[in-house]
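Dear colleague,

Please find below the structure that I am handing over to you. My notes on it follow directly after.

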Amino acid sequence: MEKKVFIKTFGCQMNEYDSNRIYDSIQKIGFKKTDKNDDANCYILNTCHIRDKAKEKVYHEIGRVKKLYSKKNKPIMVIAGCVAQAENQEMLKREPYIDIVIGPQSYHKINQMLEGFVKKQKKEETEFDTLNKFEYFDKIKNKSNKVSSFLTIQEGCDKFCNFCVVPFTRGPEYSRPFKKIIIEAEELIKNGVKEITLLGQNVNAYTHQENSKIYKISHLIRELDKFSELERIRYTTSHPRDMTDDLIECYSESKKLMPLVHLPIQSGSNRILKLMNRKHTVEDYLDVYEKLKKINSKIEFSSDFIISYPGEEEEDFNDTVNLIKKIKFINSYSFIFSPRPGTKAAQLDLIDPEISKHRLMKIQKNLFSYQLEKNRSFNNKSIEVLVENSINGQEKLFGRNIYLNSVIFDGKKENIGKVIKVKIEDFNQNNLFGRVLSNNMKAA
Ligand code: SAM
Ligand code: SF4
Ligand code: F3S
């Protein structure tokens, strides 16, 4: 019987990378991907635990799968990702439909678990076996051939912000060996990848020591810069404390490092940052901002904000609004604080939901206005776009400019994978629209 797998991915880019790597692995035991969610004999949910009722969402999703397969053979139901890590054995006890629960640091065991799967023999693997995981995947080629692909260089977190589950779901900080990362990057570039986004929960904390030499993310960027076929380099997500001078220097040296810095600050109030255990102040953040702007004035910033962290007063909130007005972030994520089980902040008193909603609306109004302002600044201009794909069923192409804005335009499929000039003729909150000026020519 043909083995078909359907993978549904929630959460951050690291989960997206992991889902692709899981597929690279299970292909070896005969699984082929299907795009039809009702046509698989293995159904993988790669889950996220960062906010809200993540756990309940997973059970709802399983309910949907049950309905889809009510008149068919039940697929092997696999729960992967951060909810799997956080809930482990509990999931198997609560939902008999689940067959395998596997945490992010145990993916090297997935083939063995699927092959050994016998009906009614449930399995759970949630050890933090990070070293073995990466050693296993180092031997499996990364088959991603998307124009823009991810490459995990670091995983886990030792910072323990009081609101965050990541240190519990991904485990301690681990940085992959420098050479292994470069080998994987080479594979991606051979596959036709033109943009690599280096990934880590604390990507700029990347540190690997080999023969007394210490490798940082700046070394990786410099090395990737040498690949002539690679057009663009990005990295995410960074912590302000780890924006060291060697990384900042890369913005003047590297021609491929894109001038958008995603640097989460969470709050514009030092009092709240302290309560959050963020380990940086607003002044530290502004210092990094100034240094980066000085080194390359084209650099723009995006960020993450947590609204209504327990204890946030109107004054703290106004500090955040003022910081947004100062930096004019061009694209950001903002969410109301969500208590996560097992974290220190889970015990704290929540702020009145009406006040929180009002604050979120105000923050988003500001953030969206700067986003729109930035988009307007491209109108009637010719900009560089890396063409990623064509839009399903339409004669339109999709790509991104240097700031990661999505650009939609008429064009030929031959342009996919190229950096071309596009004249922007319209825009909205999330997109730029235009037409191709000349093929395969970079804008001035
Ligand atoms: N390592 C990054 C940093 O230090 O900022 C963030 C990684 S985290 C996966 C992504 C974002 O989720 C955070 O920046 C934060 O804004 C948000 N987040 C994490 N825990 C949250 C919570 N309990 N409630 C609301 N948002 C949360
Ligand atoms: Fe979470 Fe980032 Fe804080 Fe680590 S540094 S605990 S990943 S928010
Ligand atoms: Fe979610 Fe885990 Fe990423 S909690 S944001 S999938 S690290």
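How many nonpolar, polar and charged residues does the shell around ligand 2 have, by class? Please bear in mind that this is a predicted model. The shell around ligand 2 has seven nonpolar residues, together with two polar and two charged ones. The residues that surround ligand 2 are C157, K159, F160, C161, F163, C164, V166, P167, N202, H239 and R278.

One of the residues surrounding ligand 2 is K159, which is placed in the loop between strand 8 (154-155) and helix 7 (166-169). K159 has a relative accessible area of 4% and is therefore buried, the cut-off being under 20%. A polar contact of 3.1 Å joins the side chain of K159 to the side chain of N202, and N202 is also among the residues around ligand 2. Apart from its neighbours within four places in sequence, K159 is in contact with E173, N202, A205, H239, R241, D242, N277 and K279.

Around ligand 3 there are C12, N15, T47, C48, H49, I50, C82, R170 and Q201. By class, four of the residues in this shell are nonpolar, four are polar and one is charged.

The last point concerns helix 10 (residues 245-253), whose buried residues are L247, I248, C250 and Y251. These residues lie on the same side of helix 10, because they cover an arc of only 140 degrees around the axis. In general, an α-helix has 3.6 residues a turn, so residues three or four places apart point the same way. The cover over the buried residues of helix 10 includes helix 9 (217-225), strand 13 (232-236), strand 14 (260-262) and helix 12 (282-295).

With kind regards

Key. Residues are numbered from 1 along each chain as its sequence is written. Chains are lettered from A and ligands numbered from 1 in the order in which they are written. This is a predicted model: local features need pLDDT of at least 70, side-chain atom pairs count only at pLDDT 80 or more; totals for chains, interfaces and linings use all residues. Side-chain values use heavy atoms; hydrogens and water are left out. A residue is near a molecule or strand if one of its heavy atoms lies within 4 Å of it. Ala, Val, Leu, Ile, Met, Phe, Trp, Tyr, Cys and Pro count as nonpolar, Asp, Glu, Lys and Arg as charged, and the others, Gly among them, as polar. Buried means under 20% relative accessible area, exposed over 50%, partly exposed in between (1.4 Å probe, protein chains only). Helices (H or I, at least four residues) and strands (E, at least two) are DSSP runs, numbered from the N terminus. The arc is that of the directions from the helix axis to the C-beta atoms. Contact means heavy atoms within 4.5 Å. A polar contact is a pair of N or O atoms within 3.5 Å; within protein, one must be able to donate a hydrogen and the other to accept it, and residues adjacent in sequence count only if both atoms are side-chain atoms.
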